[in-house]
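Me: I'd like to learn how to read a protein model. Can you walk me through one?

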Amino acid sequence: MTALDHTSPGTGPRPRTMDVYRQWWLHDARWYQGVAKRFGHDVANEVNAEALRYVAVQVGKRIRRQFGGKPAADLEELRRRYDACSEWMFPNELRDGGTAVLPDGDIELTMRQNFAVTMVRMAGSLDGYECPCTDIHAGWSEGLGVELTRNCATACLRDGDPACRLLMRAQGGAT
């Protein structure tokens, strides 16, 4: 079935949900490009990170409620919560990734595809673009009620790496 197979009587073809998402993400990339052109990449990156962190906090709060509003019982449950946050903001079919608990207690998030980077590249703004991933993770953590002692990117698709690799460590393990 193609994007144009969905029809309503008298209205013609209708887009699939993913087609609508792609249009909004293309809008986001073009918005970033417009801000960067008028005010510089530093301002565009700052506003982008602020907006994404705000959304991430809301997503984290939603996921915490879905898990009963209580702190995660252990690192595996916390990992599942971060995975749920990822899915709410960046469905797996658009990021091709997942989360894992590492032996040292870090939670690793990997993405072999990043739709945001693809859209920014298509909009012609990849030079100067800074990925806001750590801001997103800080927002998820705030919404989940988790304090991070580590939040860093060790690899990034934007820089040509084969995957994004992000590490988070919760204070005291799962809180």
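Reply: Helices here are DSSP runs (H or I, at least four residues), strands are E runs of at least two, and both are numbered from the N terminus. One caution: this is a predicted model, where local features need pLDDT of at least 70, side-chain atom pairs count only at pLDDT 80 or more, and totals for chains, interfaces and linings use all residues. Residues are numbered from 1 along each chain as its sequence is written, and side-chain values use heavy atoms, with hydrogens and water left out.

Me: At what angle do α1 and α5 pack?

Reply: Axes are lines fitted to C-alpha atoms, for helices over the stretch in contact, and angles run from 0 to 180 degrees between N-to-C directions. For α1 and α5 the angle is about 60°, and their axes are 8 Å apart. That makes α1 oblique to α5, because under 35 degrees counts as roughly parallel, over 145 as roughly antiparallel, 65 to 115 as roughly perpendicular and the rest as oblique.

Me: Which residues of α1 and α5 meet?

Reply: Contact means heavy atoms within 4.5 Å. On the α1 side you'll find R22, W25, L26 and A29, which meet F115, M119 and V120 of α5. These residues split into six nonpolar, no polar and one charged. Ala, Val, Leu, Ile, Met, Phe, Trp, Tyr, Cys and Pro count as nonpolar, Asp, Glu, Lys and Arg as charged, and the others, Gly among them, as polar.

Me: How many aromatic pairs does a search of the whole structure find?

Reply: A pair of aromatic rings is described by the distance of the centres and the angle of the planes. Rings of Phe, Tyr and Trp (its six-membered ring) pair if their centres lie within 6.5 Å; planes under 30 degrees apart count as stacked, over 60 as edge-to-face and the rest as tilted. The search turns up one pair. Its partners are Y32 and Y129, edge-to-face at 5.2 Å centre to centre with 80° between the planes. They sit 97 residues apart, Y32 in helix α1 and Y129 in the loop between α5 and α6.
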